[in-house]
Structure formats: C-alpha cells, structure tokens
Amino acid sequence: QTISIAKAGITTVLNSRTSVLAAANPPSGRYDDLKTAQDNIDLQTTILSRFDLIFIVKDIRMYSQDKIIASHIIKVHASANAISADSRGSKEENWLKRYIQYCRAECHPRLSETASTLLQNSYVTIRQDMRQQANDTGEAAAIPITVRQLEAIVRLSEALAKIKLSHVATEENVQEAIRLFTVSTMDAARSGINQQLNLTPEMAQAETQIKRRVGIGN
C-alpha cells in the first residue's frame with residue numbers, strides 16, 4: 001500500500017513502510033475542551049486508528065511557561081551562528097546517528113512469554129474499559145481500540161528493547177509501552193466532557209447561546 005502526500009507544491013507517493021509524523025490543527029483554530037478529540041482533529045476514526053500514538057498538545061496560557069518558551073526561542077536565534085559552526089565540525093562524529101543505524105541493523109527483539117501474557121491481559125482490560133465507557137455514554141469512543149492498537153503497543157515494546165540493544169522485549173518494556181499509550185491515545189479517546197452529559201434540548205440551546213458569546217478557552 002502507499003501514502004499520497006500533496007503539500008506546499010510537492011506531490012509524491014510514499015510506501016506504507018514509511019513512518020508518518022502528522023500534526024493537525026483544530027477546525028476552529030483553537031482546541032475546544034467541550035468537544036471530543038475526533039471533533040477537534042476532524043479526521044475519520046479509520047484514519048485516527050492507524051496512528052500508534054496520538055498526543056493532544058494544548059497551548060495553555062501560563063505566565064511562567066510562556067516566559068521559559070520565549071527565553072528558549074530567543075537564545076536559539078541568538079546563538080544560531082555558533083550552533084551552525086559547531087554542527088559543521090561534528091558531522092563526521094554523529095554518534096547518535098551511527099548508534100541508531102547499528103540498532104536497526106543488529107537488533108531485532110521479540111516479546112518474551114511473560115511480556116506477551118501481560119500485554120494480552122492489558123489489551124483485554126483496555127477493551128473492557130472502553131466498552132464500559134461506550135455503554136455509560138451511549139456513544140462509541142472517538143478513537144476505537146482495535147487490533148491495530150495492540151500491534152502499536154507491540155511495536156513500542158520492541159522499539160524500547162531495541163534502543164537498549166536487547167534481543168528480548170521484557171515486561172518492563174511492555175509496561176512502559178502501555179504507559180505511553182495510556183497518556184497519549186487513551187487520554188485522547190476519553191477527552192471531551194460532552195460524552196459525560198446527556199444534553200436536553202434546553203441545555204443544548206443554552207450551550208449554543210453561550211458559545212456565541214464566549215470564546216473558546218475562556
């Protein structure tokens with residue numbers, strides 16, 4: 001299979017083995033906490049389910065955080081010439097690149113039996129939790145938890161073992177992969193307080209009037 005890309009005047013077709021890192025902005029220009037992740041990202045569930053991890057990154061207005069980010073950006077621009085000069089001299093000694101190449105070529109880890117059992121039980125538990133959430137809210141999850149997500153956790157577990165040059169993915173790797181999956185895709189699937197409310201016609205009308213008068217995020 002292939003992936004077609006048309007962006008900034010570049011039209012090309014990539015093989016499906018290519019890793020894809022995608023970023024999406026909300027249709028309204030700002031993330032709305034009252035909506036689900038699917039409504040904010042505005043992509044079909046069939047597309048969302050193909051990503052191993054889905055992170056929701058919000059631009060929260062916080063003085064201390066804004067000050068740190070602004071200071072970092074200014075320092076990056078102020079030291080741009082020095083950084084570029086250092087990078088030219090260190091191209092031949094890029095140990096990180098060589099290390100990644102070595103990991104890919106020499107290490108092909110597989111799940112151990114105990115790790116496989118842990119992963120199987122965790123996947124069943126996650127499916128049960130999402131089924132219970134769907135029963136409580138009366139709506140399907142924005143991001144369905146299917147075998148694709150199980151394969152994603154397997155890939156993450158094996159990748160965590162690979163960076164340690166281990167030929168076996170252990171229970172520790174599986175637990176970390178599940179943690180990453182929980183704080184990313186699972187949190188995105190549970191986002192949106194509308195799923196927790198059964199709106200009456202009067203409440204829906206009031207919500208519409210409030211949205212007309214109050215900006216998103218206020």
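Author: Start with Asn173. This residue sits in helix H8, which covers residues 171–190. Keep in mind that the model is predicted.

Is Asn173 buried or exposed? Its relative accessibility is 7%. The cut-off for buried is under 20%, so Asn173 counts as buried.

What does Asn173 touch, once its neighbours within four places in sequence are left aside? The contacts are Ser157, Leu160, Ala161, Lys164 and Val168. Now place some of these partners. Helix H7 spans 147–162. Strand S4 is made of residues 168–169. A loop runs between H7 and S4. Ile153 lies 20 residues from Asn173 in sequence. In space, the two are 9.8 Å apart, taken from C-alpha to C-alpha.

Next, follow H8 itself. Asn173 is one of several buried residues in this helix. The list also includes Val174, Ala177, Ile178 and Phe181. Further along come Ser184, Thr185, Met186, Ala188 and Ala189, which are buried too. The helix bends on the way. At Thr182, the bend in H8 is about 40 degrees.

Now go back to the loop between H7 and S4. Leu165 is found there. Its relative accessible area is 36%. Buried needs under 20%, and exposed needs over 50%, so Leu165 is partly exposed. Leu165 also belongs to a nonpolar patch on the surface.

Step back to the whole chain. It has 9 helices and 4 strands. Along the sequence, the order is β-β-α-α-α-α-α-β-α-α-β-α-α. The chain has 218 residues, and 22% of them count as buried. Its accessible surface is about 15900 Å². Carbon and sulfur atoms account for 54% of that surface. Contacts also reach along the sequence. Take those between residues at least 6 apart: 67% of them join residues at least 24 apart.

Last, how confident is the prediction? The mean pLDDT of the chain is 82. A score of at least 70 is reached by 86% of the residues. Strand S4 has the highest confidence, at 94. Helix H4, residues 80–89, has the lowest, with a mean of 59. Where pLDDT is low, predicted coordinates should not be read in detail.

How values were computed:
Residues numbered from 1 in each chain as written. Predicted model: local features only at pLDDT ≥ 70, side-chain atom pairs only at ≥ 80, totals over all residues. Heavy atoms only, no water. Helix = DSSP H or I, 4+ residues; strand = E, 2+ residues; numbered from the N terminus. Buried < 20%, exposed > 50% of the residue type's maximum accessible area, 1.4 Å probe, protein only. Contact = heavy atoms within 4.5 Å. Areas by Shrake-Rupley, 256 points an atom, 1.4 Å probe, with all protein chains shown as cover. pLDDT = per-residue confidence, 0-100. Patch = residues over 30% accessible without salt bridge, like charges linked within 9 Å, V, L, I, M, F, W, Y side chains within 5 Å. Salt bridge = Lys/Arg side-chain N within 4 Å of Asp/Glu carboxyl O. Bend = angle between axes of the 7 residues up to and from the residue.
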